[in-house]
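Subject: Structure handover

Hello,

Here is the structure for your files. My notes on it follow below.

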Amino acid sequence: MTERLRKLNEALPALLLGIFLWGLFCQLAGVWFVSDKLGCSIGLWLGILTAVLMALHMAWSLNIAMDQGEKGAAAVMTKHNLIRYAVVVIVEGVIMVTGIANPLTAFLGIMGLKVAAYLQPVTHKLFRR
């Protein structure tokens, strides 16, 4: 499976590892400070799942954009960025309307994509061992 992910994008396995490690860190650090432990945990892991799907979609859309010319690549990436932002809004909206989880911890999980991108050089070294 790792080879399949690496074939899609060289940095993808390390990025996914970083997202997962962020989720574990937030779960272990944050579970002690909240009263609604279940709601916060569900929100966090829904956010982590969303971040993982966004990372996969980003790698896939980058591959599509590389087959386009300069103008076409910009249009493809803009379209796919808007799709990812819409998914974040929909996920957060569903969580807020249904009340099935904590929307703040879901957002914290989604931000795992950003944290993992910044930590990617570190996780890449760990992944290569």
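A salt bridge here is a side-chain nitrogen of Lys or Arg within 4 Å of a carboxyl oxygen of Asp or Glu. Buried means under 20% relative accessible area (1.4 Å probe, protein chains only). The model is predicted: local features need pLDDT of at least 70, side-chain atom pairs count only at pLDDT 80 or more, and totals for chains, interfaces and linings use all residues. Residues are numbered from 1 along each chain as its sequence is written, and side-chain values use heavy atoms, with hydrogens and water left out.

Glu-92 sits in helix α4, residues 70-98 (helices are DSSP runs of H or I, at least four residues, numbered from the N terminus). Glu-92 is buried but has no salt bridge; Lys-114, the nearest side chain of opposite charge, is 14 Å away. The Glu-92 side chain does reach the backbone nitrogen of Phe-107, at 3.1 Å. Beyond neighbours within four places in sequence, Glu-92 is in contact (heavy atoms within 4.5 Å) with Pro-103, Ala-106, Phe-107 and Ile-110.

For Cys-26, the nearest cysteine sulfur is that of Cys-40, 11 Å away. Cys-26 is buried at 11% relative accessible area, and Cys-40 is buried at 12%.

Regards

Notes:
Helix = DSSP H or I, 4+ residues; strand = E, 2+ residues; numbered from the N terminus. Buried < 20%, exposed > 50% of the residue type's maximum accessible area, 1.4 Å probe, protein only. Lys, Arg positive; Asp, Glu negative; His and termini not counted. Polar contact = N/O pair within 3.5 Å; in protein donor to acceptor, adjacent residues only side chain to side chain. Disulfide = S-S within 2.5 Å.
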